[in-house]
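Hello,

Here is the structure I said I would pass on. My notes on it follow below.

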2 protein chains.
Amino acid sequence: MSNTSNANAKLYGLLLAGEFAACYRLIDESAMAPTTADRVAIARLIAAEMAHFEELAVEVSAAGGDPDDAVASHTKVFDDYHRATTPSSWHEALVKMYIGDGLAADFYTELADRMPADVQGVVKSVMGSTGSSRFAVDRVRAAIAADPAVRSPLTLWGRRLLGEAITHMQWVLAEEDDVMDLLFSGDGSLATAASFFDGIAARHGERMADLGLA
Amino acid sequence: MSNTSNANAKLYGLLLAGEFAACYRLIDESAMAPTTADRVAIARLIAAEMAHFEELAVEVSAAGGDPDDAVASHTKVFDDYHRATTPSSWHEALVKMYIGDGLAADFYTELADRMPADVQGVVKSVMGSTGSSRFAVDRVRAAIAADPAVRSPLTLWGRRLLGEAITHMQWVLAEEDDVMDLLFSGDGSLATAASFFDGIAARHGERMADLGLA
């Protein structure tokens, strides 16, 4: 296996572990859904994450990796993120779905922009349908309209999600030297890493506004 | 809406509620999965159930019904079945996945055989990929090989699943007069209902043998 295909297998494996963790986060948080319609919406999100998972599992295998091993080897860092951001209410769970999906999509986009063209195609296809958690936007905006007092604590919660996500994204990247090399090859400077996370933070602000959070 | 399309909407709604319940049963039981590979397998089963759910939701709408209402109106009977058959171990969960999926598929097949041709096409397509729970067969056979003492309690468990399934299938059918009429039209005798469940019981025996259970 060449160094590049090795790095590709690791990158895909990392994304695969992320999809798997997102899927199980939804499975855990589905218990909070208050209505049948909400439970249906969550089950659809789980299915959408699994469709991404399947796409990535094919790529992991094609690049010479093993999907189960890839998931198992990254379980800890993703579990840590989800443990650090366990919602205490259904509204917090909704904000996390929208903000978390968005942050993951941005993370993938920023990665894709630094990747060889073939890898970009896969990453962009996998991210293609992450808009499915927009249902959370309607629910959160309705909750704020019904009770404006929920806005301030949910805003703090959204800010905390960004902080935890960036911290854990750095840990994820630190676990894989090959992926880091692929990402920041020929540069690897702190400035490049900073611009990587600056782009993510800027788009986070737009999503907070989508939710009606200041 | 004609009587036939009304009955179709109700039948599809019933199948939809069944898929939804199966999906949430897997979500609940996924917490028992002991390894990452098992958790991946369960997430794949959830995604497969949701694909059936989406197919049926389209049909419910096309027949003039509302998917969310259909799920909500049948939640109780499916929840009752799953509450009556809550596994107490991962092996029981595996047996339930294989036996339960099989019983549901048989229930659908028996329904389809009594349906107009257009309805049969939908039902058979939805059942097409229920074989995904065969992964349970390998796990259960391996468990019996490792410890033959698990066979006898799992055999009793499998028998109990059949009994509960048939009881609850009858309750499901009793909830929908229109579906009953569609099913046993021009007959509706007890003999027809008995042959309906005899076919299901016969195939149950084959599946118990697949699992290595007497």
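A disulfide is counted here when two cysteine sulfur atoms lie within 2.5 Å of each other. By that rule there are zero disulfides over all chains. Please keep in mind that this is a predicted model.

Cysteines

Why is Cys23(A) not in a disulfide? Its closest cysteine sulfur, in Cys23(B), is 9.7 Å away, which is too far for a bond. Cys23(A) is buried, with a relative accessible area of 0%. Cys23(B) is likewise in no disulfide, the nearest cysteine sulfur being that of Cys23(A) at 9.7 Å. Cys23(B) also counts as buried, because its relative accessibility is 0%.

Aromatic rings

Over all chains, the structure holds four aromatic pairs. One of them joins Phe20(A) and Tyr24(A), a tilted pair with 5.0 Å centre to centre and 50° between the planes. Both residues belong to helix H1 of chain A (residues 3-29), where they sit four residues apart, about one turn of the helix. An α-helix has 3.6 residues a turn, so residues three or four places apart point the same way. Phe20(A) has 6% relative accessibility and therefore counts as buried; Tyr24(A), at 4%, counts as buried too.

In chain B, Phe20(B) and Tyr24(B) form a tilted aromatic pair, at 5.0 Å centre to centre and with 50° between the planes. They lie in helix H1 (residues 3-29) of chain B, four residues apart, or about one turn. Phe20(B) and Tyr24(B) are both buried.

Phe20(A) and Tyr24(A) also belong to one aromatic cluster with Phe53(A).

Charges over rings

Which residue lies over the face of Tyr24(B)? It is Arg39(A), at 4.0 Å from the ring centre. Within chain B, Lys96(B) lies over the face of Tyr81(B), at 5.6 Å from the ring centre.

Two helices of chain B

Helix H4 (residues 90-113) of chain B has 24 residues and spans 34 Å from its first C-alpha to its last, close to the 34 Å expected. H4(B) is mostly covered, with 20 of its 24 residues buried.

Helix H7 (residues 151-174) of chain B has 24 residues and reaches 35 Å between its first and last C-alpha, close to an expected 34 Å. The buried residues in H7(B) include Trp157(B), Leu161(B), Leu162(B), Ala165(B), His168(B), Met169(B) and Val172(B).

Regards

Definitions and conventions
Residues numbered from 1 in each chain as written. Chains lettered and ligands numbered in written order. Predicted model: local features only at pLDDT ≥ 70, side-chain atom pairs only at ≥ 80, totals over all residues. Heavy atoms only, no water. Expected span 1.5 Å × (residues − 1). Buried < 20%, exposed > 50% of the residue type's maximum accessible area, 1.4 Å probe, protein only. Phe/Tyr/Trp six-rings, centres within 6.5 Å; stacked < 30°, edge-to-face > 60°. Lys NZ or Arg CZ within 6 Å of the ring centre and 35° of its normal.
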